Amino acid sequence: MKVYARNTPDDLPEQSYNSYGTDFKIDDPRYSFSRRLGSLLAPQWLTKEVNVFIHGLIKWELARAHGKDEEHDLGSTTLPLSLLEWRRVANGLADLWNWWGEGVHLRIQPKYLGKRISGWVEPYANDLVHWAMPQDLPKGEVPTAPRTISIDSHLGDGLFKLCTLVHHYLAIPPGNIGKWESFDNSESDLRSAVRRYQSLDKLNGAWVVRFAPSGPNGQYFMNYISRINAAGWHPDFVFPVGSFLRSIDLRDVYLPVIAFARCDLEGVCLEGTRIEGSMFAGSNLKLCNWRNSMCIGVDFDGCEMHNSITEGMHVSKCSFEKTTPNKVVSKIQK
């Protein structure tokens, strides 16, 4: 990610809607970025230990960018990125989430001779299947190739985690508490720079970009969750159980029967969201915006909902056993 940031211009535009399903050009920095991350994320799930390490590393790197990290006497550290360079990373990751969402790696791509199509290039996912296969087997033993659907699931899971971590700690310095506010952002000067899978809200009075995993359609995230779970098993049972989801924007998203149990959803925007039969049991729901959301048959048992915005939140047949604080629960149930 740091190599990508240092070799990418600030004005790299998002791919247009006319390029739907088309891979990045070879001279586009996102082409090599997608290949590098693809080779690292697609072969297998990120284990819990690796997730903890990546989380801590990104948190530390962003603390340095915000000027919050103390210098250490022992050893030496790598050169940090500036906040501007981390914004390039966030934009690049949002573009790769769009690339994954469109299934570009699963599609054959045209090969041109001049302006004419001279042939077709096999999907990048096929390359990742070969890359993920066992390389050292006893003589005569034939390896079992992984399914492309597993490759797709692993890649989506890994990209989602990176998008969430980078966008959150870029917006809110590690150790700080941020209070998101929803405003009409149509007049903001930053609006034109926001990607398809990003949104713009005010944080402590300033315009800040956040990760919006459902992008331009409120049903996309539901489909993406299904794709990640299509591999058949997941280290945390199912995605997104136990995930770090702080500060993501799920405004106006449809969330039917999603397992958000034990998730860290602090500061998430759920304004106008319709949630049916989903489970948030044991999750951190502090500082969430539930304004005008509709929750039907949702399990909120054991959640923390301190300082959440609940005006206009409609609930039906929901469970709030051991949910805190009581005054928020009472306000919701009135």
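The legends below describe close-up views of a predicted model.

Residues are numbered from 1 along each chain as its sequence is written, and side-chain values use heavy atoms, with hydrogens and water left out. In this predicted model, local features need pLDDT of at least 70 and side-chain atom pairs count only at pLDDT 80 or more, while totals for chains, interfaces and linings use all residues.

**View 1. The largest cavity and its lining.** A cavity is a set of points on a 1 Å grid over the protein atoms alone where a 1.4 Å probe fits but cannot get out, and lining residues have an atom within 4 Å of a point. Grid points are joined across faces, edges and corners, and a volume is the space filled by probe spheres set on the points. There are four cavities of 30 Å³ or more; the largest has a volume of about 80 Å³. Its lining includes Gln15, Tyr20, Phe24, Trp99 and Arg196. Four lining residues are nonpolar, five polar and three charged (nonpolar: Ala, Val, Leu, Ile, Met, Phe, Trp, Tyr, Cys and Pro; charged: Asp, Glu, Lys and Arg; polar: the others, Gly among them).

**View 2. The second largest cavity.** This cavity holds about 60 Å³ of space. Among the residues that line it are His168, Trp180, Arg246, Glu266 and Leu287. The lining divides into four nonpolar, five polar and two charged residues.

**View 3. The salt bridge between Asp10 and Arg88.** A salt bridge is a side-chain nitrogen of Lys or Arg within 4 Å of a carboxyl oxygen of Asp or Glu; the count is 21. The closest N and O atoms of Asp10 and Arg88 are 2.5 Å apart. The pair links distant parts of the chain, 78 residues apart: Asp10 is in the loop between helix 1 (2–6) and helix 2 (29–41), and Arg88 is in helix 4 (residues 83–101). Helices are DSSP runs (H or I, at least four residues), numbered from the N terminus. Asp10 is partly exposed, with a relative accessible area of 49%, whereas Arg88 is buried at 17%. Buried means under 20% relative accessible area, exposed over 50%, and partly exposed in between (1.4 Å probe, protein chains only).

**View 4. The salt bridge between Lys161 and Asp157.** The closest N and O atoms are 2.8 Å apart. Both residues lie in helix 6 (residues 148–171), four residues apart, about one turn of the helix. Both Lys161 and Asp157 are buried.

**View 5. The salt bridge between Arg251 and Asp249.** The N to O distance is 2.6 Å. Arg251 is partly exposed at 24% relative accessibility, and Asp249 is buried at 6%.

Definitions and conventions
On a 1 Å grid over the protein atoms alone, a cavity is a set of points where a 1.4 Å probe fits but cannot get out, and a pocket is an open set with protein on both sides within 12 Å along at least five of seven lines; lining residues have an atom within 4 Å of a point. Helices (H or I, at least four residues) and strands (E, at least two) are DSSP runs, numbered from the N terminus.
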